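Me: I am new to this structure and would like to learn how to read it. Could you show it to me and take me through a few features?

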Amino acid sequence: TEKTVILLYNKDRTARTFIHPDEDDPEHGYDKIRDIIVNRGVKGVLSDGGTKAYFYCRITRRKDGLNIVSVDVVSDLATGQNW
């Protein structure tokens, strides 16, 4: 399966970021997140929409505006959301 960029965002999409396959960390990076989405995610509402998974994340807001999104890949997935 082709590795494509993964979009991460919060409910109101005020926090958005991308995870690129070439920026992988073997234990916690792209491959780990993609594996969880592929194996445990759910299909989007639209028939051509991608597979989704809801992770617990933390946003660290920095003064320079380059905020950090940390994804918890160790805990179980968050329950499905209706948004």
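Me: How many of the residues of the chain count as buried?
Reply: This is a predicted model, and 20% of its 83 residues count as buried. A residue is called buried when its relative accessible area is under 20%.

Me: What pattern does the chain follow along the sequence?
Reply: Reading along the sequence gives β-β-α-β-β-β-β. That makes one helix and six strands.

Me: Which residues make up the largest nonpolar core?
Reply: A core of this kind is a set of buried nonpolar residues joined through their side chains. Here the largest one has 11 residues, including Ile 6, Leu 8, Ile 19, Tyr 30, Phe 55 and Leu 77. Strand E1 and helix H1 (30-40) are the elements that give two or more residues to this core. Helix H1 provides the largest share, with four residues.

Me: How many salt bridges does a search of the whole structure find?
Reply: The search finds three. To call a pair a salt bridge, we need a side-chain nitrogen of Lys or Arg within 4 Å of a carboxyl oxygen of Asp or Glu. Lys 3 and Asp 31 form one, with their closest N and O atoms 2.8 Å apart. This pair links distant parts of the chain, as Lys 3 is in the segment before E1 and Asp 31 is in helix H1, 28 residues apart.

Me: What distance separates N and O in the salt bridge of Arg 40 and Asp 76?
Reply: Their side chains meet at 2.4 Å, N to O. Arg 40 belongs to helix H1 and Asp 76 to the segment after strand E6 (68-71), so the pair ties together parts 36 residues apart in sequence. Arg 40 is partly exposed at 45% relative accessibility, whereas Asp 76 counts as exposed at 52%. There is also a salt bridge between Asp 64 and Arg 62, whose closest N and O atoms are 2.4 Å apart.

Me: How many aromatic pairs are there in the whole structure?
Reply: A pair of aromatic rings is described by the distance of the centres and the angle of the planes. In this structure, the search finds zero aromatic pairs.

Me: Then what lies over the face of Tyr 9?
Reply: That is Arg 13, at 3.8 Å from the ring centre.

Note on methods: Residues are numbered from 1 along each chain as its sequence is written. This is a predicted model: local features need pLDDT of at least 70, side-chain atom pairs count only at pLDDT 80 or more; totals for chains, interfaces and linings use all residues. Side-chain values use heavy atoms; hydrogens and water are left out. Rings of Phe, Tyr and Trp (its six-membered ring) pair if their centres lie within 6.5 Å; planes under 30 degrees apart count as stacked, over 60 as edge-to-face and the rest as tilted. A charge sits over a ring if NZ of Lys or CZ of Arg is within 6 Å of the ring centre and within 35 degrees of the ring normal. A nonpolar core is a set of buried Ala, Val, Leu, Ile, Met, Phe, Trp, Tyr and Cys residues joined through side-chain atoms within 4.5 Å. Buried means under 20% relative accessible area, exposed over 50%, partly exposed in between (1.4 Å probe, protein chains only).
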